[in-house]
Amino acid sequence: MTKGKPVKALLKFSVPLFAGNIMQNLYNVFDTAVVGHVLGKNALAAVGNSYVPMLVINSIILGLSSGILILLAQVYGSGEKVQGCMGSIRTLVFLTGGGLACIFFLSAGWIFRAMGIPAAAARPAAEYLRITALGIPFLSAYNFYSAVAKAGGDARTPVRDMSVSCLMNMVLDYVLVVIFRLGIRGAASATVISQAAAAGLAVFHLCRKDKLILRNLNLCCVS
């Protein structure tokens, strides 16, 4: 960011950020496409209506991770060690991911009733949202730990991790919905598994890049 033309440097760094944010909303899009073709219009309506609460969840997590990114970028810029912040980030992952998962899991039925969704579509939509709510902690972990990498200037690795996750979601949607015929539950489970993979890859690449972060995370887990 300190060499070459500013516009080129900004585009090189920001384009992967935009791409990553867009791909996080593709989980529901893939699920909707597969479910619509295989299970019919009622299932399509159920998964499609789940896009609104999922968009709210993504917006909250992306907003918080953007704040973490700004703070950590300031830490990097001041020459301080970012490892000391990992305990706080781990706490945020636990509180945000666990809190949102509980809220949306427990209130899934009420959300769709408040949206005025017909009962025929509201029940399967609530089932879909309850299962995908189990993946919110993984989504939170991916975004928060990716913010650490982005703050250090690496905006490409998180996008690669999310790309792998999106491809995995597409494959699992087909396997669980078409082959194993698990219906809406299969589509939701594919999303949760893919989000867990994205979180695992984010932590793996971050720790591989900085062994001190790995040690700090281990100490936090022990404490």
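# Helix packing and selected residues

Student: In which helix is the place of glutamine 195?
Tutor: The model here is a predicted one. Glutamine 195 is placed in helix H10.

Student: Does glutamine 195 count as buried or exposed?
Tutor: The cut-off for buried is under 20% relative accessible area. Glutamine 195 has 3% relative accessibility, so glutamine 195 counts as buried.

Student: Which residues is glutamine 195 in contact with, leaving aside its neighbours within four places in sequence?
Tutor: Sequence neighbours within four places are set aside. What remains for glutamine 195 is Tyr27, Thr132, Gly135, Ile136, Phe138, Leu139 and Ser165.

Student: How far apart in space are glutamine 195 and leucine 62, C-alpha to C-alpha?
Tutor: Along the sequence, glutamine 195 and leucine 62 are 133 residues apart. In space, C-alpha to C-alpha, the distance between them is 14 Å.

Student: Which residues form a salt bridge with each other, and what separates the closest N and O atoms?
Tutor: The count of salt bridges comes to one. The cut-off is a nitrogen-to-oxygen distance within 4 Å. The partners are glutamate 127 and arginine 185, with their closest N and O atoms at 3.7 Å.

Student: How many residues apart in sequence are the parts tied together by glutamate 127 and arginine 185?
Tutor: Glutamate 127 is in helix H7 (residues 119-133), and arginine 185 is in helix H10 (residues 183-209). The pair therefore ties together parts separated in sequence by 58 residues.

Student: What does arginine 185 count as at 48% relative accessibility?
Tutor: Values over 50% would count as exposed, and values under 20% as buried. At 48%, arginine 185 counts as partly exposed.

Student: Are H4 and H8 roughly parallel or roughly antiparallel to each other?
Tutor: The axes of helix H4 (residues 51-78) and helix H8 (residues 136-151) come within 8 Å and cross at roughly 25°. Angles under 35 degrees count as roughly parallel. H4 and H8 are therefore roughly parallel.

Student: Into what classes do the residues of the contact of H4 with H8 divide?
Tutor: The crossing of H4 with H8 is right-handed. The residues of this contact divide into 15 nonpolar, four polar and one charged.

Student: Is H2 roughly parallel or roughly antiparallel to H9?
Tutor: Helix H2 (residues 26-39) and helix H9 (residues 156-179) have axes that come within 10 Å and cross at roughly 20°. That makes the two helices roughly parallel.

Student: Is the crossing of H2 and H9 left-handed or right-handed?
Tutor: The H2 residues in this contact are Tyr27, Phe30, Asp31, Val34, Val38 and Leu39, and their H9 partners include Met162, Val177 and Val178. The crossing of H2 and H9 is right-handed.

Student: Which residues is valine 38 in contact with, leaving aside its neighbours within four places in sequence?
Tutor: Valine 38 is placed in helix H2. Valine 38 is partly exposed, at a relative accessible area of 37%. Leaving aside neighbours within four places, its contacts are Val177 and Val178.

Student: Is H5 roughly parallel or roughly antiparallel to H7?
Tutor: Helix H5 (residues 86-106) and H7 pack at about 165°, with axes 8 Å apart. Angles over 145 degrees count as roughly antiparallel. That makes H5, relative to H7, roughly antiparallel.

Student: Which residues in H7 do Ala101, Phe104 and Phe105 in H5 meet?
Tutor: The crossing of H5 and H7 is left-handed. From H5, the contact residues are Ala101, Phe104 and Phe105. Those in H7 are Leu129, Arg130 and Ala133.

Student: Which residues does leucine 100 touch, not counting residues up to four places away in sequence?
Tutor: Leucine 100 is placed in helix H5. Leucine 100 is buried, with a relative accessible area of 10%. Not counting residues up to four places away, leucine 100 touches Ile60, Ile61, Leu95 and Ile136.

Student: What is phi of arginine 181 near?
Tutor: Arginine 181 is in the loop between H9 and H10. At 68% relative accessibility, arginine 181 counts as exposed. Its phi is positive, in a residue other than glycine, and near 55°.

How values were computed
Residues are numbered from 1 along each chain as its sequence is written. This is a predicted model: local features need pLDDT of at least 70, side-chain atom pairs count only at pLDDT 80 or more; totals for chains, interfaces and linings use all residues. Side-chain values use heavy atoms; hydrogens and water are left out. Axes are lines fitted to C-alpha atoms, for helices over the stretch in contact, and angles run from 0 to 180 degrees between N-to-C directions. Helices (H or I, at least four residues) and strands (E, at least two) are DSSP runs, numbered from the N terminus. Angles under 35 degrees count as roughly parallel, over 145 as roughly antiparallel, 65 to 115 as roughly perpendicular and the rest as oblique. A crossing is left-handed if the near helix is turned anticlockwise from the far one by less than a right angle, and right-handed if clockwise. Contact means heavy atoms within 4.5 Å. A salt bridge is a side-chain nitrogen of Lys or Arg within 4 Å of a carboxyl oxygen of Asp or Glu. Buried means under 20% relative accessible area, exposed over 50%, partly exposed in between (1.4 Å probe, protein chains only). Ala, Val, Leu, Ile, Met, Phe, Trp, Tyr, Cys and Pro count as nonpolar, Asp, Glu, Lys and Arg as charged, and the others, Gly among them, as polar.
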